[in-house]
Amino acid sequence: MLNIVDQMFQYCEIPEDGQQYFFNDSIENKKIIVSAFKHNSFMSKYIYMPILSLKFVFNTEKHKRIYHYLNHENLTSILKCQYFYVGNQQEMNDSLESKYSWDLAFDLLNEKDNSNQIQKMFEEIKRRRPFDSYIWSFTLDENNMALQNYGDLAVVMNPQDTFESLARKYTNSDFENMNTGNAYILPLHVVYDYQTQVKYLSNTLDIWLDSINSGNYGDYQDASLAMYLYSLVFKSPKYHQEEEIRYVINKIPDINGNGYDIKINGKKKLEAPFLPSLCSEIIVNHKADHVKNESIDTIQTKVKSMIENYGFNNTIVRKTDLEY
C-alpha cells in the first residue's frame with residue numbers, strides 16, 4: 001500500500017501537512033482514499049474532497065502557535081463575552097475577496113465554453129452555496145508586517161486547542177447526525193500562487209463541463225463542491241505576504257441559507273470561544289506607536305491590566321521583537 005500512497009502524494013502534490021493528516025487517519029479512511037485514487041487519479045486530484053482537503057489542510061497538531069491580529073480597542077468586548085466574532089465569507093472587509101476565485105473561474109470558463117446555457121449553470125452553482133461559511137484568519141508569523149495593518153496586537157493561540165474548541169461547539173462526535181446549526185471545521189492554508197489556482201480551476205471546469213455533456217450528476221456535484229472549496233482558499237497573489245491560515249467553519253444552513261450565531265451591525269457572525277486556556281500570549285506591535293496619545297509601552301500596560309481584569313492571569317503581554 002505504501003508505494004501507491006507515495007504515488008498519490010506525488011501525483012496529487014500533497015504537502016507535508018496533508019501527508020501527516022493522512023497517516024493519522026483511520027485505516028478504513030486511508031483505504032477509501034487510496035481506492036478512489038486508484039480508480040481515477042485525475043478526478044481524485046481535482047474534485048475528490050478528501051484528497052483536496054489533504055492538499056490544502058493546515059496541520060493543527062504539527063504547529064504550536066498561530067497569531068490573530070486585531071486592534072487593542074476591540075479586545076475589551078472580546079474578553080468580556082469570551083468570544084471572537086468570526087465573519088461570514090460573503091461579508092469580508094474586502095468585498096472582492098469572496099468573488100476572487102469565482103471571477104477567475106468564470107474567465108477560464110469563457111475560454112472553454114461561453115454559451116448562455118453554460119454561463120447560467122455556472123452562475124447557479126455560484127449562488128447555490130452548500131454551506132454558510134465563516135472564516136477566522138491567522139498566520140504562523142508573529143511579525144507579519146502585512147497583517148499588522150489589521151491591528152496593533154497579535155493574539156497567540158494554540159492551533160489544536162483552538163480547533164478542538166470550535167469542534168466541541170459545532171461538530172457532533174464522529175460527525176453523527178450532523179444537522180442545521182452544526183459545522184465542519186476546516187483549517188486550511190490560503191493559496192496565493194496564480195499558476196496553482198489556474199491549474200486547479202481549469203481542470204475542475206473541464207470535469208464539470210464533461211459531466212454536463214455526459215449527464216454524470218455525481219461528477220457535476222463533486223466538481224461544483226470543489227469550486228466552492230477553491231473560493232475559500234484561493235486569494236489574490238498581491239496579498240501573498242499575509243501568509244494566511246484560515247479556520248473555515250462550514251455551517252449547515254437553515255432553510256433561509258443562514259447559520260449565524262448572532263448579527264452585529266447587520267452582519268452575520270459566529271461566536272468562537274476565546275478562553276484563558278486558549279491564549280498564551282499577546283504581542284504588541286509598533287502600530288501602537290501611531291495611536292493618538294499612546295505608545296507601544298502604554299498599550300502594553302493597558303492590555304496587561306485589561307486581560308487580568310477578565311481572568312487571563314497567565315497570559316503574557318510583551319512587545320514585538322521588531323525595532324520598528
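**Strand pairing and burial**

Tutor: Strand E5 (residues 183-189) pairs with E6 in the antiparallel sense over 7 bridges. Strands here are DSSP runs of at least two residues, numbered from the N terminus, and two strands pair if DSSP finds at least two bridges between them. Within this pairing, Leu 186 stands opposite Val 248 in E6.

Student: Before we go on, what am I looking at?
Tutor: A predicted model, where local features need pLDDT of at least 70, side-chain atom pairs count only at pLDDT 80 or more, and totals for chains, interfaces and linings use all residues. Residues are numbered from 1 along each chain as its sequence is written, and side-chain values use heavy atoms, with hydrogens and water left out.

Student: In which sense do E3 and E6 pair, and over how many bridges?
Tutor: Antiparallel, over 8 bridges. Ser 137, for one, stands opposite Arg 246 in E6.

Student: Is E6 enclosed or exposed?
Tutor: Buried means under 20% relative accessible area, exposed over 50%, partly exposed in between (1.4 Å probe, protein chains only). In E6 (residues 244-251), 8 of the 8 residues are buried, so the strand is largely enclosed by the rest of the structure. Both faces are covered, with Asn 250 among the buried residues on one side and Ile 249 among those on the other.

Student: What does the side chain of Ser 133 make a polar contact with?
Tutor: A polar contact is a pair of N or O atoms within 3.5 Å; within protein, one must be able to donate a hydrogen and the other to accept it, and residues adjacent in sequence count only if both atoms are side-chain atoms. Ser 133, in strand E3 (residues 132-139), makes one with the side chain of Asn 250 (2.5 Å). Ser 133 counts as buried because its relative accessibility is 1%.

Note on methods. Helices (H or I, at least four residues) and strands (E, at least two) are DSSP runs, numbered from the N terminus.
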